[in-house]
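Please keep the sequence and the 3D view at hand while reading.

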Amino acid sequence: MNIISTPTTLQKLQIAGDTTAYEPAGDQPQTELSRKRLLRDLPCVSNVSTPTGPKAIMKTMMTTACERNCHYCPFRAGRGKTQRVTFKPDEMAASFDQLQRAKTVDGIFLSSGIIKGSITTQDKILDTIEIIRHKYQYKGYVHLKIMPGAEYDQLYRAMQLADRVSINLEGPTQDRLTALAPKKDFNGELLQRLAWAHQIRQTGIRASTVTQFVVGAVGDTDVELLSLSERLYHQMGISRAYYSAFNPVIDTPFENLPSTLPVREFRLYQSSFLLRDYGWSVEELPFEQSGNLRLDVDPKRAWAEAHLSHAPIEIMRATREQLMRIPGIGPKAADSILKARRSGHLTDLSHLRALGIRAPEQAAPFILLDGHQPAVQLSLF
Ligand code: SF4
């Protein structure tokens, strides 16, 4: 006789396991995606870099079942290989409370497949966090996924309860999104929620917003992804865009598509930071005719080779913006240079190194130090 037993909560968490491996939650997604798991028996515990420092957080889903059919997703409706588990809000909240009190985790990233519609699913996420915040009095880090098509009031409540919310666009246009996820509506279900989140922040609620793109499965180009990212940074106040290189999942419609090279994801992050933190505009990024960035060189260096090789920047006179155009010099290094040159001349690469610039040789071909091109000592080996 076969006895079918109901899995315990711990077993369900183990089955749910790697469920959010496809969704970064923190500030350093590439380390996170290395699947750096902390506890073998609890794969839902991940090391994540948050705005308040690195933390071990519980990263899981309310349910691994879903009624939608996104072509890239292991949880899509009808995929036989996915083990489906569903948590009730009080069960999920109690599991988190146990792990948090045992000091196994300090923070939660909560996502979900969609069952009985987005609004019902979003309510389950909100109910869980209400219990965590009010019954268990947890004051720490909470990152919530917003379902496509969630209501304004649900988003508002999520942003009152959470430190960060994710509204994932997946593709840079409606056509790309339809190719990835036929049932998702780019403007109506997703972009509108990012605009609402921006409005809600104007009322004084501080939760940040992030979004994610699946890169490289359906012909999306870097110029499409970065043009939209720029708009989201400047017009909708998102704190970051995640770019997840596509990897095929067996038993999905995309199982035979090639993986996207991780270096493409890396170049997108480098460019995205130039747009967000360095004052660049998307038109200045060195795209090739294909609409993609070169993979063999970082975008800042490619720009410098084209623009600064014959017009090096004088370190003693450059503005902060000009300094940040130089490879190897970011916002902190630019500020250190501005401060140091008030009290003396910077005439040698060793002076830049003393300011904390780790590899001033990167900058050397593109700068003048007090009127002279700096000498670079060649390595003998
Ligand atoms: S809605 Fe989310 S969980 Fe469901 S198939 Fe699409 S990406 Fe996967």
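An open sheet is formed by 7 strands in the order β1-β2-β3-β4-β5-β6-β7, with mixed pairing. Strands here are DSSP runs of E of at least two residues, while helices are runs of H or I of at least four residues, both numbered from the N terminus. Two strands pair if DSSP finds at least two bridges between them. β1 (45-50) and β7 (240-245) are at the edges and have a single partner strand each, so one side of each lacks a neighbour in the sheet. On average, neighbouring strands of this sheet are turned by 25° against each other, direction ignored.

This is a predicted model: local features need pLDDT of at least 70, side-chain atom pairs count only at pLDDT 80 or more, and totals for chains, interfaces and linings use all residues. Residues are numbered from 1 along each chain as its sequence is written.

| Pair | Bridges | Direction | Residues standing opposite |
|---|---|---|---|
| β1 and β2 | 6 bridges | antiparallel | N47 and A56 |
| β2 and β3 | 4 bridges | parallel | K59 and F109 |

Strand β3 (residues 108-111) is covered on both faces: I108 and L110 on one side, and F109 and S111 on the other, are all buried. A residue is buried if 20 or more other C-beta atoms, placed from the backbone, lie within 10 Å of its own.

Helix α9 lies across β6 (208-215) and β7, and runs at about 170° to β7. Axes are lines fitted to C-alpha atoms, for helices over the stretch in contact, and angles run from 0 to 180 degrees between N-to-C directions. Helix α8 (residues 222-235) packs with α9 (residues 262-277) at an angle of about 35°, the axes being 10 Å apart. From α8, the contact involves D222, L225, L226, S229, E230 and Y233; from α9, L268, S271, S272, L275 and R276. Contact means that the C-beta atoms of two residues, placed from the backbone, lie within 7 Å.

L268, in helix α9, is buried, with 25 other C-beta atoms within 10 Å. Apart from neighbours within four places in sequence, L268 is in contact with V215, D222, L225, L226 and Y243. L268 and L226 are 42 residues apart along the chain, and their C-alpha atoms are separated by 7.5 Å.

The ligand is surrounded by C66, R68, C70, C73, F75, R76, G113, I114 and A181, counted where the C-beta atom, placed from the backbone, lies within 6 Å of the molecule.

Key:
A residue is buried if 20 or more other C-beta atoms lie within 10 Å of its own, exposed if 12 or fewer, and partly exposed in between; C-beta atoms are placed from the backbone.
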